[in-house]
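User: Hi! Could you walk me through this structure? I have a few quick questions.

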Amino acid sequence: MTVHHKIRKFFFPSLTPKFLIRVSLIALSAYLFFGYLCIPFAIQGISMEPTYHNRGVNFCWRLHYLFSEPKRHDVVTVRFAGNKVMLLKRVVAREGEQVEFRDGKLFVDGKEMEEPYVLYPCDWNLPPRQVEEDHIYVVGDNRNMPIENHHFGQTTKNRIMGVPLW
Amino acid sequence: MVKIKYLLIGVLMVVIGIVVAITLFPSEEKKVKKQFHLLSEWVSKSTEENAFTMLQRMKDIGSLFNAQCELKVPDQSLSGTYTREEISTYAGSARSHVSQLDLKFYDFDIGFPEKGVAKVTLTARLTGRSTTGEQTDDTRELECVLKKIENKWLFSQIEVVEVLIK
């Protein structure tokens, strides 16, 4: 078989039943993998700056919490009604813990938390509140905005879709 | 060979029949979805929109709502029951403050708890630019109830679901 013939066969394969079955299986696997397990998404917004930049591209890995619970400092995706639009946030407290912001510093159960990922200045003040059972508390890394303009708070664990791959 | 030809023609006719039936007689789910598509189209605004179109859109938006529509919005003074005229006026006023607006709906979950009632959970994303040049980007999960009145699905209740509670 000549090189020319091989190239031609690669780009224009014969539509044999075997080939069609192989293509269908690949298409189905890709649909299931990228539709349900490793969902591609584009980041829109600056709430996770500087960790994740606006217009960045990533994948939501859904099996991450199959056998474990979200931990503090994990970055997670939070769903709305489905997985077409999700929020990218960081877990700062778990159920039963008390969250508070004092002069931009995060306090959990009265202890000041070290947050190396927060690089922009923040002046938030939020009175203490308890994270309810089966909930986690999530906040974005970019807190350099009025507290009213930042979408954060506690959400049920079943809204956590997964984690970004990188 | 002749048999295969007739078989193929038969299959093709069945497929065309199904497509025509789906197009001419849409399911109730499709009719409900259509109301959301109309709402999205009429709420959205381009920079070239003139005053006549704006007035027409205001009227159109009102026609999608029941005579009385309940709005449940957490943490805001907007909650209450509104007439379709009030909704038209409010929508017109809100649209006049923006130069460009885009409303999109995702992840529809449509159920029919009883005859003539549709309950829809979905994600709504509103993006745009105010007349002063400020960028708007807000995503919410909504639970809507539509009632079938005179063969038309009309919005009777819209509730904003709190995904993150500060």
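**Sheets, contact and loops**

Analyst: Happy to. One open sheet in chain A has four strands, ordered S7-S6-S5-S8, with antiparallel pairing. Please keep in mind that this is a predicted model.

User: Which strands are the edge strands there?

Analyst: Those are strand S7 (111-112) and strand S8 (126-130) of chain A, each of which pairs on one side only.

User: And how many bridges pair S6 with S7 in chain A?

Analyst: Two bridges, in the antiparallel sense, with strand S6 of chain A covering residues 105-108. Across that pair, A:Phe107 stands opposite A:Glu112 of S7(A).

User: Let's switch to chain B. What is the strand order in its open sheet?

Analyst: The order is S2-S1-S6-S5-S4-S3 in chain B, six strands with mixed pairing. Strand S2 (80-83) and strand S3 (98-114) of chain B are the edge strands, each pairing on one side only. On average, neighbouring strands in this sheet are turned by 25° against each other, ignoring direction.

User: How many bridges join S3(B) to S4 of chain B?

Analyst: Twelve, and the two strands run antiparallel, with strand S4 of chain B spanning residues 117-130. To pick out one pair, B:Leu103 has B:Leu126 in S4(B) as its bridge partner.

User: Which helix packs on that sheet?

Analyst: Helix H2 of chain B, residues 28-43. The strands of chain B that helix H2 touches are S3, S4, strand S5 (135-149) and strand S6 (152-161), and the helix direction makes about 165° with that of S3(B).

User: New topic: how many residues does each chain bring to the contact between A and B?

Analyst: Chain B brings 14 residues and chain A brings 14 residues. On the chain B side, S3, S4 and S5 of chain B are the elements giving two or more residues. S4(B) supplies the largest share of that side, with four residues.

User: What about the classes on the chain B side?

Analyst: The side of chain B that touches chain A has six charged, five nonpolar and three polar residues.

User: OK, and the largest nonpolar core, which members touch the most others?

Analyst: That core has 47 residues, and A:Val92, A:Tyr137, A:Val138, B:Leu146 and B:Phe155 touch the most other members. As background, nonpolar side chains in soluble globular proteins tend to be buried together.

User: What is B:Phe155 in contact with?

Analyst: Setting aside neighbours within four places in sequence, B:Phe155 is in contact with B:Leu64, B:Phe65, B:Asn66, B:Cys69, B:Cys144 and B:Leu146.

User: Back to chain A. What does the domain assignment give?

Analyst: Domain 1 runs over 1-36 and domain 2 over 43-164 of chain A. Taken over C-alpha atoms, the centres of these two domains of chain A are 42 Å apart.

User: Where is the cis peptide bond?

Analyst: The cis bond joins A:Glu49 and A:Pro50, with omega about 0°. A:Pro50 sits in the loop between strand S1 (38-42) and strand S2 (57-61) of chain A.

User: Which residues other than glycine have a positive phi?

Analyst: Among them are A:His73, with phi of about 80°, and B:Asn151, with phi near 65°. A:His73 lies in the loop between S2 and strand S3 (75-79) of chain A, while B:Asn151 lies in the loop between S5 and S6 of chain B.

User: Why does B:Asn151 count as exposed?

Analyst: Because B:Asn151 has 6 C-beta neighbours inside 10 Å, and a residue with 12 or fewer is exposed. A:His73 has 13 other C-beta atoms within 10 Å, so A:His73 is partly exposed.

Key: Residues are numbered from 1 along each chain as its sequence is written. Chains are lettered from A and ligands numbered from 1 in the order in which they are written. This is a predicted model: local features need pLDDT of at least 70, side-chain atom pairs count only at pLDDT 80 or more; totals for chains, interfaces and linings use all residues. A nonpolar core is a set of buried Ala, Val, Leu, Ile, Met, Phe, Trp, Tyr and Cys residues joined through C-beta atoms within 7 Å. A residue is buried if 20 or more other C-beta atoms lie within 10 Å of its own, exposed if 12 or fewer, and partly exposed in between; C-beta atoms are placed from the backbone. Two residues are in contact if their C-beta atoms, placed from the backbone, lie within 7 Å. Domain bounds come from an automatic or database domain assignment. Two strands pair if DSSP finds at least two bridges between them. Axes are lines fitted to C-alpha atoms, for helices over the stretch in contact, and angles run from 0 to 180 degrees between N-to-C directions. Ala, Val, Leu, Ile, Met, Phe, Trp, Tyr, Cys and Pro count as nonpolar, Asp, Glu, Lys and Arg as charged, and the others, Gly among them, as polar.
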